[in-house]
Amino acid sequence: MSNRTNNCIVQSLKRLLPGVILCCSLFALSATVIEDVHAIDLSPSEAFLQGERIYRDGVLPSGEPMQAVIRGDVDVPGTSFSCVSCHLRSGLGSIEGGVVTPPTNGRTLFQPYKVQYKQVKVDQKFYPAILQRPTYTDASLATALREGITPSGQVMNPVMPRYYLDDKEMALLIAYLKTLSDQPAPGVTETEIKFATVITDDVPSAQAEAMLAPLEEYVRHKNSMINLFKKEKRSARMAATMVTSGELMYKKLTLSRWMLKGPPETWRSQLEEYYRQEPVFALLGGISNSDWKPIHDFSEANHLPCLFPQTDYPVISTTDWYTLYHSKGIYQEGEAAARFLNEKIAALQGRNVLQIVRNSRQGQALSTGFQETWRDLGFAAPVTVTLGEKEVLSKEQLQKLLYANLPAAILVWDGAESLAVLESLVTSSERPAITIVSASYLGDKIWSIPEQERDFTFMTYPYRLPQREESFKRFIEPFMKKANSSAATEVISKKSYIATQMLTQGLMDLRGNYYRDNLFDVIGMMRDQELPLYTRLSFGPGQRYASKGCYMVQLDKGAKPALINKSDWVIH
Amino acid sequence: MNTARLTSIFLFLFASVVLVSSPSRAEELKYKRTIENYTMPDVTLVNQNGARVKLRSLITSDKPVVVDFIYGTCTTICPVLSAGFVNLQQKLGPKSSNVQLISISIDPENDTPKVMKEYLQRYRAKAGWDFLTGSRENIDKVMRAFNAYIPNKMSHYPLTLIRNPQDGKWVRIFGLTSSSEFLNEYKKVGGI
């Protein structure tokens, strides 16, 4: 026996010793007890959850982290990373950094496999991939996971960890692999992929139309290509060489409108009913002026992807999976303000921050974004003054607040009324060095900020600056014309345009594997995008807010002021 | 038969079950190794604690310095590189402060101090392993300085750079080393 194997046994023994001793003593007590220990019959759903926990979290049924060896001799606990880190949530694998991680869903494992990589460069020198193998059985799969040996005897490259799993853990994991990406998602047939878009009745119809038109134009265009391909074989052949997913060329897209009426508490049941009648593959776009949460929760519960809904109030979560937002909405502006102040920390000189917050949805979202980020940066909570719906802050009250707190910065999370506050700051002797307002909340009013207030007033601005945005105009103009975009609804149209661009790429990258988790897996592997509206959109496994940026800007002098940039797109 | 003997038989029985479930260890792998000179840009980055760090002074250390490029939500490559970092710290034990490990984010959009701190915790990193983020401009400068520029984070490759404190030269490792190879490389630059 080689030294290595010896070592290995000793290690395994060490790990298992407590268990071994426990089993032995149980055995000594009575034979029936051990029967019970081995015959823990889990319900299928419990077994599924335990298998899922091994796969996704690297945690064994005992609660202990799963142990593995990687790179030949590097020990890693499952809590650092587990199967999902490489084979992804759908189990369909990935190609990253020149390493091919093959699929590990039951459907692929339990049949002979032959690699076909179209259009990807794979570094065969350093990470020889599995190119071909016969079908797995439960037993040979266990050998693969423990020893890294395929049924044809090929030793896998050392990126794939070798796992220490006992028979029961192995059985749970294998049973789970068999359920992974097993049944294609609803809403997809040979000829069709169904989508729906959610519109709530608090949205004025001009806005709803602005959201819908680009999506419908996109669907119309895609579907018209099918006829073209059927008629003109030459264009079909040309297209086929360009797309990575040939079957997609002939699939029709449908887009239903799911209109939600009445109070948000009733949306869930309306959604469930729409979904029962038409189980779509995913939700595309959508728009609401209220919190998106009820729709977000519905997506989460049904594992129904929702791509780029238009809302200022997304759910802020690092773990939820099924909704991909443009950004964190208004919250992100509060976050940017906190990061900006953190950067200017010297100017604060240990003094406090004063927040004046209108008790409105926008005001609250800005304030929450600021406070949570500020806290994470390690600062004490700001002094917060909340204004009721119609409450006006007098000059005297403001002066008093400034005297009492001597803040280093003042944040005014309010609409047009913030202008009055700015005005009284002009002459105030206690004016803090930095004043921050939200350009989204102020809307068109930003342009009427008087000259003498401009040099101490910073605004959060969540989009590419207008002067830079010009260059994008030309290439989206034809599409926007067809989608009836107007200046008043330009932002909404552009957000829908982004949804169509990302969907095109996502559908192609699925390569015919219409599983919902795979949709997010492929989006998670996309490169950063420079599209209209946002300076940069970026993606990554589990990342659910594509735009991470927000500028801090000021108005320059003059009657027709431009916005001047005072920060990076993403502030660190 | 006495009890001790009984137990040992059971132990043996269990041991043979254990044998089946013990993973085998693969052959050591190949990697590409070169010696390079790099000039560091004078940039300030932000670490996992939100502290501003001058990269030049962190790197111009009298300890060996190891640099890699990763990001918080990265698959496949980063877990493997990071497992190597934490393994080196573990192998050095109480002497782990003799080496400065630096991971530089190639996804500065998403990698905030919070994300980076959680990442290090997941790997049970000890002090002496810093994860740095910063403006895209500065990150690009650093990647260029190490001849490791990639315009798109998804096209990164496994790269480890080890600085020899004696002559300031860098060992550039393309590919993934085993932990003993990594330890050897570390020792070659004077690491103890």
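Visitor: Over how many bridges do strand β16 and β17 of chain A pair?
Guide: This is a predicted model, in which local features need pLDDT of at least 70, side-chain atom pairs count only at pLDDT 80 or more and totals for chains, interfaces and linings use all residues, while side-chain values use heavy atoms, with hydrogens and water left out. Residues are numbered from 1 along each chain as its sequence is written, and chains are lettered from A and ligands numbered from 1 in the order in which they are written. Helices (H or I, at least four residues) and strands (E, at least two) are DSSP runs numbered from the N terminus, and two strands pair if DSSP finds at least two bridges between them. For strand β16(A), residues 434–438, and β17(A), the pairing is in the parallel sense and the number of bridges is 4.

Visitor: Which residue in β17(A) stands opposite I436(A)?
Guide: Strands of a sheet pair through backbone hydrogen bonds, either parallel or antiparallel. Here the pairing of β16(A) with β17(A) is parallel, and the residue of β17(A) that stands opposite I436(A) is F458(A).

Visitor: In the open sheet of 7 strands in chain A, what is the average twist from one strand to the next?
Guide: The strands of this sheet follow the order β14-β13-β15-β16-β17-β18-β19 in chain A, with mixed pairing. Its edge strands, each of which pairs on one side only, are β14 (383–387) and β19 (563–565) of chain A. From one strand to the next, the twist averages 30°.

Visitor: At about what angle to β13(A) does helix α15 of chain A run?
Guide: Axes are lines fitted to C-alpha atoms, for helices over the stretch in contact (heavy atoms within 4.5 Å), and angles run from 0 to 180 degrees between N-to-C directions. Helix α15(A), residues 395–405, lies across β13 (353–358), β14 and β15 (409–413) of chain A, and its angle to β13(A) is about 150°.

Visitor: Among the aromatic pairs, is that of F340(A) and F458(A) stacked, edge-to-face or tilted?
Guide: Rings of Phe, Tyr and Trp (its six-membered ring) pair if their centres lie within 6.5 Å, with planes under 30 degrees apart counting as stacked, over 60 as edge-to-face and the rest as tilted. By this rule there are 26 aromatic pairs over all chains. Because the rings of F340(A) and F458(A) have centres 5.1 Å apart and planes at 50°, the pair is tilted.

Visitor: How many residues apart are F340(A) and F458(A)?
Guide: F340(A) belongs to helix α12 (residues 330–343) of chain A, and F458(A) to strand β17 (residues 457–461) of chain A. The pair thus links distant parts of the chain, and the number of residues by which they are apart is 118.

Visitor: Is F458(A) buried or exposed?
Guide: Buried means under 20% relative accessible area, exposed over 50% and partly exposed in between (1.4 Å probe, protein chains only). F340(A) has a relative accessible area of 0% and is buried. With a relative accessibility of 11%, F458(A) also counts as buried.

Visitor: With which residue does R276(A) form a salt bridge?
Guide: A salt bridge is a side-chain nitrogen of Lys or Arg within 4 Å of a carboxyl oxygen of Asp or Glu, and the whole structure holds 33 of them over all chains. R276(A) is exposed at 59% relative accessibility, whereas E273(A) is partly exposed at 34%. Both lie in helix α10 (residues 267–277) of chain A, 3 residues apart, about one turn of the helix. With the closest N and O atoms 2.9 Å apart, the partner of R276(A) is E273(A).

Visitor: How far apart are the closest N and O atoms of E335(A) and R339(A)?
Guide: Both residues lie in helix α12 of chain A, 4 residues apart, about one turn of the helix. E335(A) is buried at 8% relative accessible area, and R339(A) is buried at 13%. In their salt bridge, the closest N and O atoms are separated by 3.7 Å.

Visitor: Which side chain meets that of K153(B) in a salt bridge at 3.8 Å?
Guide: A charge sits over a ring if NZ of Lys or CZ of Arg is within 6 Å of the ring centre and within 35 degrees of the ring normal, and the charged end of K153(B) sits over the ring of Y71(B), 5.7 Å from its centre. In the salt bridge, at 3.8 Å from N to O, the partner of K153(B) is D107(B).
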